[in-house]
Amino acid sequence: MVKPITRDEVKQRIDAGSAIVVEALPADYYAKAHLPGALNLPVDDVEKLAPTLLPDKDSAVIVYCADSPCQNSGTVAKHLAELGYTQVFDYDEGKADWIAAGLPTESGN
């Protein structure tokens, strides 16, 4: 089951190190800017990369995209749940919401 998550909850989990954060955008977007500590898990690579990036299916995983019109986060989150991940969160507002709040991002791979 995929659960929605707010920006404040995402920030709390990042600060506490209590979730794995993944960006569901292509690598070139990820390289420009991503949430702190986020991993890159593009839609087309979920099945191939998830076992390596997310080996513990019981870990909390937060998936985000560029913004709410972007469907990638929901698609990746749903696919992870179908693959057996038990704590999947969809940060639907995504990177645009994070940046608008003045929160830091990272760049590079």
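A word on ground rules before we start. Because this is a predicted model, local features need pLDDT of at least 70 and side-chain atom pairs count only at pLDDT 80 or more, while totals for chains, interfaces and linings use all residues. Residues are numbered from 1 along each chain as its sequence is written, and side-chain values use heavy atoms, with hydrogens and water left out.

Let's begin with the record. UniProt, in an unreviewed entry, places the feature "domain: Rhodanese" at residues 15–107. Its positions are given in the numbering used here, feature names are shortened, and annotations may be inferred rather than shown by experiment. In the model, that span is 37% helix and 17% strand, and its end C-alpha atoms lie 18 Å apart. Helices and strands here are DSSP runs, H or I of at least four residues for helices and E of at least two for strands, numbered from the N terminus.

Five strands form an open sheet with parallel pairing, in the order 1-5-4-2-3. The edges are strand 1 (2–4) and strand 3 (39–40), each of which pairs on one side only. Two strands pair if DSSP finds at least two bridges between them.

Start from strand 1, if you have the model open. Strand 1 runs parallel to strand 5, and three bridges join them. Within that pairing, Val-2 stands opposite Val-88, and Lys-3 stands opposite Phe-89. Strand 5 has four of its five residues buried, so it is largely enclosed by the rest of the structure. By buried I mean under 20% relative accessible area; exposed is over 50%, and partly exposed is in between, with a 1.4 Å probe and protein chains only.

Next along is strand 4, residues 60–64, where five of five residues are buried.

On to the cysteines. How many disulfides does the model have? The count is one, using the rule that a pair of cysteine sulfur atoms must lie within 2.5 Å. The partners are Cys-65 and Cys-70, with sulfur atoms 1.7 Å apart, and both residues are buried. The torsion about their S-S bond is about 45°, so the disulfide is right-handed.

What about the rings? For a charge to sit over a ring, NZ of Lys or CZ of Arg must be within 6 Å of the ring centre and within 35 degrees of the ring normal. The charged end of Lys-32 sits over the ring of Tyr-29, 5.5 Å from its centre. Lys-57 lies over the face of Tyr-85, at 5.5 Å from the ring centre.

Asp-15 is in helix 1 (residues 7–16) and is exposed, with a relative accessible area of 55%. Asp-15 and Pro-36 are 21 residues apart in sequence and 9.3 Å apart in space, C-alpha to C-alpha. Leu-103, in the segment after helix 5 (94–100), is buried, with a relative accessible area of 18%. Leu-103 and Leu-49 are 54 residues apart along the chain, and their C-alpha atoms are separated by 27 Å.
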